[in-house]
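Hi everyone, thanks for coming. Let me put the model up on the screen, and then we can walk through it together.

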Amino acid sequence: MTASTTRRTTAAKSRTAAVGAIAVAGALLLSACGDQTNGGGTAGTDEPGKTVGSAPLFDKLPKKYQDAGVIKVGTDAQYAPMEFEQGGKIVGIDPDIAAALGKQLGVEFKFTSGTFDGLISSLNTGRQDLVMSAMSDTKARQEGLDDKGNKVGQGVDFVDYFNSGVSLLVKKGNPQGIKSLEDLCGKKVAVQRGTIYEDTFKQQAAKCDKDKKGKLTIEAFDTDAEAQTRVKSGGAVADMNDYPVAAYIAKTAGGGNDFEVAGGQTAAGPFGIAVDKDNTQLRDAIKEALNAIIKNGEYAKVLEKWDVKGSAITEATINAGK
């Protein structure tokens with residue numbers, strides 16, 4: 001199973017690592033979220049609640065959103081830098097992309113935070129119109145299947161807007177010259193216990209043994225914060241996280257002086273904006289708006305702001321996940 005299919009599926013393993021990462025970064029306090037109860041940030045028009053009929057793609061929206069001037073967005077705001085709470089508002093990459101989409105569509109994107117595993121059901125019941133929550137686009141979600149392949153819902157459509165895999169986090173300056181997993185043979189790594197990242201390191205350790213390139217020693221910790229501390233002290237050469245999380249840690253921890261991301265992403269897959277399958281007009285409007293902000297450069301500005309340019313797409317797609 002790849003990182004892209006596991007990430008944010010049960011909101012457990014890699015999300016836990018991400019929350020631990022923020023403890024080391026020391027930049028924010030993330031508040032816990034109930035099931036679709038915490039109001040958050042809005043993104044879109046200059047005057048929330050007002051439509052902008054002159055917006056380029058306003059006429060592409062279903063009439064109900066034109067009349068309301070609002071698109072309701074479900075998220076789980078505990079996954080910096082994709083979405084997190086700061087000063088009573090939901091901020092991050094997803095809200096910033098939504099703000100750019102709102103300018104094209106002439107409506108306000110209103111984010112509400114809830115538990116990750118309840119987001120798709122909130123979409124299917126109509127409590128939310130979209131889900132933007134660093135959600136991996138997978139065939140299982142498209143078809144409404146659970147982890148065992150059983151049919152549990154009607155599924156959703158995704159407008160894919162972001163690519164993300166896993167990345168290595170090393171000490172600032174990369175003193176060991178780590179560029180890929182293969183460079184870890186004969187060295188020690190630190191990781192949060194029970195995550196997909198530990199599984200990836202174990203697979204690489206087996207490969208190192210098979211290729212007789214030196215033993216890869218894995219030191220597992222209860223939290224990712226402990227793993228990061230180990231790397232910072234020089235006791236291990238690398239930790240692993242989802243790419244946007246790793247990039248955020250590198251940018252914020254120690255004022256950007258503690259870590260850096262080494263090499264590229266592994267097992268990259270698409271994040272998608274989830275839309276109810278019956279809401280095809282809204283889905284297509286979101287896709288067109290996404291292509292518009294890719295073309296006019298607003299999309300690139302958001303990714304550059306958050307130092308995740310490596311996750312950029314060049315064209316919006318629908319249901320491209322596997």
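I'll take the disulfide to begin with, then the strands, then a helix pair, and finish with some backbone details.

A quick word on ground rules. This is a predicted model, where local features need pLDDT of at least 70 and side-chain atom pairs count only at pLDDT 80 or more, while totals for chains, interfaces and linings use all residues. Residues are numbered from 1 along each chain as its sequence is written, and side-chain values use heavy atoms, with hydrogens and water left out. When I say helix (H or I, at least four residues) or strand (E, at least two), I mean DSSP runs, numbered from the N terminus.

So, the disulfide, meaning a pair of cysteine sulfur atoms within 2.5 Å. The structure holds one, and it joins Cys185 to Cys208 with an S to S distance of 2.0 Å. The link is left-handed, with -80° about the S-S bond. Cys185 sits in the loop between strand E8 (156–171) and strand E9 (188–192), and Cys208 sits in helix H7 (residues 196–210), so the bond ties together parts that are 23 residues apart in sequence. Both Cys185 and Cys208 are buried; that is under 20% relative accessible area, with exposed being over 50% and partly exposed in between, using a 1.4 Å probe and protein chains only.

On to the strands, which pair if DSSP finds at least two bridges between them. Have a look at E2, residues 70–75: five of its six residues are buried, so the strand is largely enclosed by the rest of the structure. What does E2 pair with? Six bridges join E2 to strand E6 (residues 108–113), running parallel, and two bridges join E2 to strand E7 (residues 130–131), again in the parallel sense.

Two bridges join E3 to E4, and Gln78 has Phe84 in E4 as its bridge partner.

Now the helix pair. The axes of helix H4 (residues 93–105) and helix H10 (residues 280–296) come within 9 Å and cross at roughly 105°. Here axes are lines fitted to C-alpha atoms, for helices over the stretch in contact, and angles run from 0 to 180 degrees between N-to-C directions. H4 and H10 are therefore roughly perpendicular to each other, the term for 65 to 115 degrees. In contact (heavy atoms within 4.5 Å) are residues including Ile97 and Leu101 from H4 and Ala289 and Ile293 from H10.

Last, the backbone. Most residues other than glycine have a negative phi, and most peptide bonds are trans. The bond from Ala80 to Pro81 is cis, with omega near 5°, and Pro81 lies in the loop between strand E3 (78–79) and strand E4 (83–86). Asn174 has a positive phi of about 45°, in the loop between E8 and E9, and counts as buried at 16% relative accessibility. Ala267 has a positive phi too, near 55°; this residue is in strand E12 (residues 259–276) and is partly exposed at 33%.

That's my tour, and I'm happy to take questions.

Key: Angles under 35 degrees count as roughly parallel, over 145 as roughly antiparallel, 65 to 115 as roughly perpendicular and the rest as oblique.
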